[in-house]
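Okay, thanks for coming, everyone. I'd like to walk through a few backbone details in chain B today, so let's get the model up on the screen.

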Amino acid sequence: MEKNVLQSIAGIGIYPAISFLIFFLFFLGLLVYVVRANRQHLAAMSELPLLADEDPQTQLTHNVLC
Amino acid sequence: MQAEQIPPGGATRNTLETSHLAPAVDTFFYDNKIVRDFGIATVFWGIAGMLVGLLAAIELAQPDANLHTSFTTFGRIRPLHTNAVIFAFVGNGIFMGVYYSLQRLCKTPMYSKALSRLHFWGWQTVILSALISLPLGFTTSKEYAELEWPIDILITVIWVVFGWNMFGTIARRRERHLYVGIWFYIATLLTVAVLHLVNSAEVPVSWLKSYSAYAGVQDALVQWWYGHNAVAFFLTTPYLGLMYYFLPKAAGRPVYSYRLSIIHFWSLIFIYIWAGPHHLLYTALPDWAQSLGVAFSVMLIAPSWGGMINGLLTLRGAWDKVRVEPVLKFMVVAITAYGMATFEGPMLSLKNVNAIAHFTDWIVAHVHVGALGWNGFLTFAMLYWLWPRLYRTELYSKKLANTHFWLGTIGILFYALPLYWAGFTQGLMWKQFNAEGMLQYPNFLETVLQIVPMYYMRALGGALYLGGVFLMMYNLIKTAQAGTLLAEERATASALLPAAEDPHADAGHWHRWLERRPFQLAFWATVAIAIGGAVEMVPTFLVKSNVPTIASVKPYTPLELQGRDLYIREGCSNCHTQMVRPFRSETERYGEYSKAGEFVYDRPFLWGSKRTGPDLHRLGGKYPHSWHYNHMLDPTTMSPGSIMPPYPWLFDSKLDNSTLSQKIAVLRKLGTPYPRGYEQQALADAQRQADGIVRDLQKEDIEVKSDKEIVALIAYLQRLGTDIKVKPEQVAGAAQ
């Protein structure tokens with residue numbers, strides 16, 4: 001019963017269709033970017049958390065991993 | 001020769017006078033105290049929330065464990081447990097990790113210490129408000145959004161404070177590109193804001209009572225769009241952001257694939273928002289929306305497993321460290337649990353699996369693999385990693401941390417495995433027919449008693465897990481005692497050159513452009529979640545005007561309304577559903593399946609998500625008033641062996657009618673067709689109906705005063721699901 005009610009909303013099918021199109025095109029663009037992305041840039045980005053963020057003056061030697 | 005300038009943020013800047021283009025080097029201080037404070041709150045509320053969870057678990061096997069007070073009865077403490085572990089334990093864990101990593105990834109202190117403190121104390125106030133209001137029975141009954149409207153407003157204000165502080169910090173950063181972890185933080189901030197605002201729309205009746213702005217099916221859709229995405233954007237995306245920071249730190253190597261992390265981010269936030277309807281399969285939700293929810297849930301495996309694989313492969317070549325380092329052990333199990341939960345989620349959303357699993361303990365096991373494994377273990381890893389650094393010392397005892405790891409891991413297994421067993425057993429028992437075509441187990445209680453041993457085992461699992469957390473607390477306290485808190489950590493970084501002067505700030509690709517612009521990134525991330533949200537929500541908002549009004553479905557009488565609010569106060573929907581699904585096994589057991597049009601006056605909807613007890617939608621008229629009276633006084637008299645607790649306070653307390661007229665006025669404003677001026681008549685009508693119930697009870701030798709709460713509750717229970725049974729001629733007669 002309820003599903004028939006919602007199916008009767010005019011053009012309801014257009015919502016998923018439009019969103020799928022946006023979704024598909026965006027991910028296509030994203031994939032193209034990711035494949036073609038500059039290796040050095042990606043490497044530099046992935047290093048960001050590992051850059052020394054502790055000042056040597058206050059740093060103690062850690063036995064734990066860093 | 002150096003000249004000193006004061007740049008924003010109060011840092012000291014040294015620039016070389018001779019070089020025009022050389023970047024200035026700033027010295028500044030990271031705020032570690034706020035990280036420590038959020039860390040303490042994480043541990044404190046974690047233990048509190050898990051203790052409440054343990055109590056709730058024991059009550060399921062031993063109802064007497066409720067201490068015989070209303071405040072500690074399952075229906076009231078179950079939401080306390082979920083709110084405490086989600087918003088207090090994980091919430092503080094998120095803020096701890098974000099405040100530590102954001103400063104360092106942006107190479108700047110937090111934007112404002114005052115905002116940081118306001119955020120911290122404001123959030124603890126929200127938690128304290130929940131701790132007081134939920135056991136007192138002030139609840140909206142919408143899962144993970146139970147807090148009443150004044151607390152909702154406070155949450156909104158504090159969330160804005162967090163966002164302001166976060167974007168202020170990002171705006172002052174000394175690193176041009178935003179690391180992928182920060183994208184996850186941004187998506188979290190914005191999506192949680194949208195979810196909270198939309199789902200919490202409610203109209204106040206009094207200071208601690210409100211009615212949902214949505215009714216019935218619409219309310220259910222909004223709630224599960226929220227509920228599902230609260231898991232996505234409070235328990236998942238922020239923790240993925242934290243994983244992308246703390247895992248490389250702990251492993252000492254960068255994330256396996258930064259490419260994969262970019263795809264992980266966009267696909268996760270885009271797809272997750274669509275999957276909400278899988279919580280409403282076989283309900284009155286339209287079929288196409290259910291299918292959409294299932295399709296996107298299955299698609300979610302890809303980004304989720306992409307993230308998991310990215311996490312685990314980050315440890316390639318570092319597995320020797322995993323053997324000796326508890327921080328990494330916790331992380332490996334956390335990421336594995338994430339992978340398991342995100343594989344199981346899509347499987348559970350397949351309709352044939354869902355038909356068995358939904359409403360059973362299987363779902364409880366599923367969420368706890370995520371909560372205990374993914375959120376819990378990643379939080380513990382962060383705490384063990386952070387504490388020695390914040391206190392400039394070594395961890396007090398690695399051995400204790402290892403013991404914690406094993407206690408926690410075994411605890412998860414003891415928790416989850418019995419509940420999988422229980423869920424599967426009960427789900428199948430509900431559906432079992434005998435050779436004559438009758439239900440094999442027509443008495444619901446039979447299916448409950450079968451799984452009570454599993455409830456004991458899960459409580460044991462929870463206790464083991466909690467025991468580990470106590471060990472961690474001791475370990476962290478000893479670590480803190482051995483060291484000194486470095487409240488302000490000195491750091492240096494080059495100032496950010498204006499883009500025009502920076503040779504590295506190339507125009508680049510559109511996505512690199514986006515990575516440098518937090519506000520634009522935030523905007524597009526919001527668009528990504530808004531598309532999925534809109535596709536689900538637009539039909540949702542059309543539902544109201546499109547659900548055919550079933551002529552016989554009428555608004556609740558004033559007494560039934562009061563009884564319904566008692567049902568909400570006592571948290572009955574935590575154990576009882578009001579949604580008979582269109583299966584023969586359910587229509588045989590409960591009666592006619594539930595129709596969308598029956599819920600048009602339900603604010604909030606009370607479909608529930610778990611059947612610890614039977615469905616109640618067709619309860620009305622099934623038993624005499626006296627059955628309900630005796631059952632609420634002591635359930636075991638009517639159902640020997642029942643694990644439902646007694647509700648003696650309903651027999652002592654007088655029904656509070658002081659806000660009744662206001663309730664009628666608010667509901668009429670929201671669209672319930674009470675006649676104008678009916679609020680003046682409501683009290684008299686309630687009294688008349690109560691007198692009738694009291695007279696009926698007298699006939700069965702039960703003496704009760706008409707002003708007691710139990711009378712209102714009986715009125716409501718007897719109304720449940722009866723409207724569609726009213727014959728057309730009766731409706732026509734009533735209309736005249």
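This is a predicted model: local features need pLDDT of at least 70, side-chain atom pairs count only at pLDDT 80 or more; totals for chains, interfaces and linings use all residues.

If you want a pair to click on, take Glu202(B): its bridge partner in β5(B) is Ser212(B).

Okay, over to the loops. Where does the chain have a cis peptide bond? Look at the link between Arg603(B) and Pro604(B), with omega at about -5°. Pro604(B) sits in the loop between α20 (584–589) and α21 (625–633) of chain B.

Next, a couple of positive phi values. Tyr144(B) isn't a glycine, and still its phi is positive, near 65°. You'll find Tyr144(B) in the loop between α3 (113–133) and α4 (149–171) of chain B. Buried, exposed or partly exposed, what would you say for Tyr144(B)? Tyr144(B) has 19 C-beta neighbours inside 10 Å, so it counts as partly exposed; the cut-off for buried is 20 or more.

Then there's Asp701(B), also not a glycine, with a positive phi near 60°. Asp701(B) is in the loop between α25 (678–699) and α26 (709–719) of chain B. Here the count is 7 C-beta neighbours inside 10 Å, so Asp701(B) goes down as exposed, given that exposed means 12 or fewer.

That's my tour; over to you for questions.

Note on methods. Residues are numbered from 1 along each chain as its sequence is written. Chains are lettered from A and ligands numbered from 1 in the order in which they are written. Two strands pair if DSSP finds at least two bridges between them. Helices (H or I, at least four residues) and strands (E, at least two) are DSSP runs, numbered from the N terminus.
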